[in-house]
Amino acid sequence: MKREAIGCAAAPRTRSWATAALPPLLDWTASNLLHSTPQLLMALVRQHGSPLHVLWPHRLKENVQVLRTVLTRHEVRFELFYGAKVNKSPALVRAAVESGIGVDVSSAYELRDALLAGADPRRICATGPVKTDGFLARLQEGDSLIAVDSVHEFNALERLGTARRPARVLLRYRPASAYASRFGMDGDEIRHCLQRLAATDHGLVLEGFHFHLGGYAHEPRAAAVHELAAHVAKARALRLRPRVIDIGGGLPIRYVEADLYQHYLREQRPAHYRHGRVPDSFYPYGGEPEAGQWLDLFLRSPAPGGGCIADYLRREDLALAIEPGRSLVDQTAVSAFRVHSVKPLARDRHVVFVEGSSFSACETWFGSEYLVDPILVSDHAGDGEPCHAYIAGHSCLDDDVLTNRLIAFPRRPRPGDLLVYANTAGYQMDLLENEFHRHPMPRRLAARPEASQPDHFVPDLPWSD
Ligand SMILES: *Cc1c(COP(=O)(O)O)cnc(C)c1O
């Protein structure tokens with residue numbers, strides 16, 4: 001799918017605190033809505049309120065296809081699970097199910113929604129550290145995969161298991177690179193579970209091993225597979241039959257062109273931020289590589305016993321399972337905020353107040369910043385004064401700021417214009433969303449492919465089928 005970078009920050013850099021531009025990469029369909037039919041988007045916001053999240057669920061299927069192509073080229077068996085926590089949209093879960101992949105769930109509610117979306121319960125994988133007995137029982141009844149996070153959870157499953165059908169389990173391993181993490185089990189605990197699995201009829205069947213790491217590098221994941229090789233061998237020596245290694249999620253996506261991003265990082269100064277602070281860390285917004293290349297690099301990494309990871313998986317007849325969240329929702333949504341007012345502040349700066357809050361574009365709540373420029377969408381001709389402004393939400397909290405950077409607008413936004421944040425489906429748009437000040441929850445609209453009419457956008461509700 002063609003993507004283009006379009007931004008609003010092309011103003012001349014007249015002040016030392018003018019930030020370098022970070023125009024977002026934008027799919028053609030989203031770009032078309034913003035630039036060819038801005039009146040349509042504005043009408044949708046009038047009808048459904050601000051902010052408004054617009055989704056293109058079919059785009060998820062293309063993201064699945066990219067990963068499938070790489071895995072097929074390497075001739076490894078694989079199982080993909082959509083990491084459903086990345087976004088609350090039922091339409092995205094349906095798109096994942098329609099694309100033929102499984103769903104990774106971490107709560108009874110995510111499980112319910114996956115089943116409502118038509119997921120085969122056997123293609124559901126449950127992760128997360130707190131699985132209640134009720135949740136575990138439902139997973140077990142559906143013959144879903146359960147990533148066991150602790151010996152405590154192993155015991156709970158054993159208790160449930162005697163009366164019911166066996167539970168299909170992955171043992172979640174805590175890789176050496178994440179030794180201080182609270183998730184998963186260390187080598188001793190894994191060996192303990194393997195011994196118990198081999199010893200008696202306990203109602204658990206070992207399907208394989210699981211891990212999930214923070215960060216976005218492929219190298220620690222490859223290292224974790226090295227560490228797991230010994231446990232795979234041990235399990236087989238105990239006559240168990242592990243058939244899958246699940247490497248979790250964390251496949252990266254790119255929000256802005258890599259060279260612009262590097263330029264931005266080199267140029268940024270405390271004075272570019274309204275509070276005079278450069279955040280300590282950012283997501284690699286303009287990083288290399290993207291998900292498909294990342295997966296290729298991972299599969300080409302050196303493997304235990306020689307060759308590469310793909311060779312190892314083939315040799316050991318292991319399937320590779322992956323649970324991508326963010327990378328599957330790349331380019332599936334934008335979030336539009338209506339401009340309420342523009343207020344001049346000291347030192348020639350402005351603040352743009354929008355109808356909506358930073359809970360609907362939440363990176364600033366993590367002490368970081370969403371490093372894409374909002375796109376100004378207007379049905380007025382483009383005259384007016386240039387201005388530098390940060391973007392604030394409608395609440396009374398001083399920290400309710402969507403963008404702390406002083407964005408260089410070629411012309412001052414006007415009340416009624418829209419500021420559109422691109423590519424928000426990957427956690428930004430609804431992780432923290434709430435009804436603060438009793439504002440209703442923002443609406444989501446799901447677009448049909450090539451949507452160009454108001455009736456091509458349908459409310460994204462679980463019961464909208
Ligand atoms: C969050 C999570 C994922 C998805 O991570 P992304 O970075 O969104 O790809 C997958 N598996 C587990 C266990 C997770 O906790």
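## Cysteines

To how many disulfides does the count come? The count comes to zero, where a disulfide is a pair of cysteine sulfur atoms within 2.5 Å. For Cys 125, the nearest cysteine sulfur is that of Cys 193, 16 Å away. Cys 125 is buried, at 0% relative accessible area. Cys 193 is buried too, also at 0%. Buried means under 20% relative accessible area, exposed over 50%, and partly exposed in between (1.4 Å probe, protein chains only).

## The model

This is a predicted model: local features need pLDDT of at least 70, side-chain atom pairs count only at pLDDT 80 or more, and totals for chains, interfaces and linings use all residues. Residues are numbered from 1 along each chain as its sequence is written, and side-chain values use heavy atoms, leaving out hydrogens and water.

## Overall fold

The protein has twelve helices and 19 strands. These are DSSP runs, numbered from the N terminus: helices are H or I with at least four residues, strands E with at least two. Along its principal axes, the C-alpha trace spans about 75 × 45 × 40 Å. Of the 465 residues, 58% count as buried.

## Helix H3

Helix H3 covers residues 58–73. Its 16 residues should span 22 Å at 1.5 Å a residue; the expected span is 1.5 Å times one less than the number of residues. The end C-alpha atoms are 23 Å apart, which agrees.

The buried residues of H3 include Leu 60, Val 64, Leu 67 and Leu 71. An α-helix has 3.6 residues a turn, so residues three or four places apart point the same way. Just after H3, Glu 75 takes a positive phi of about 55°.
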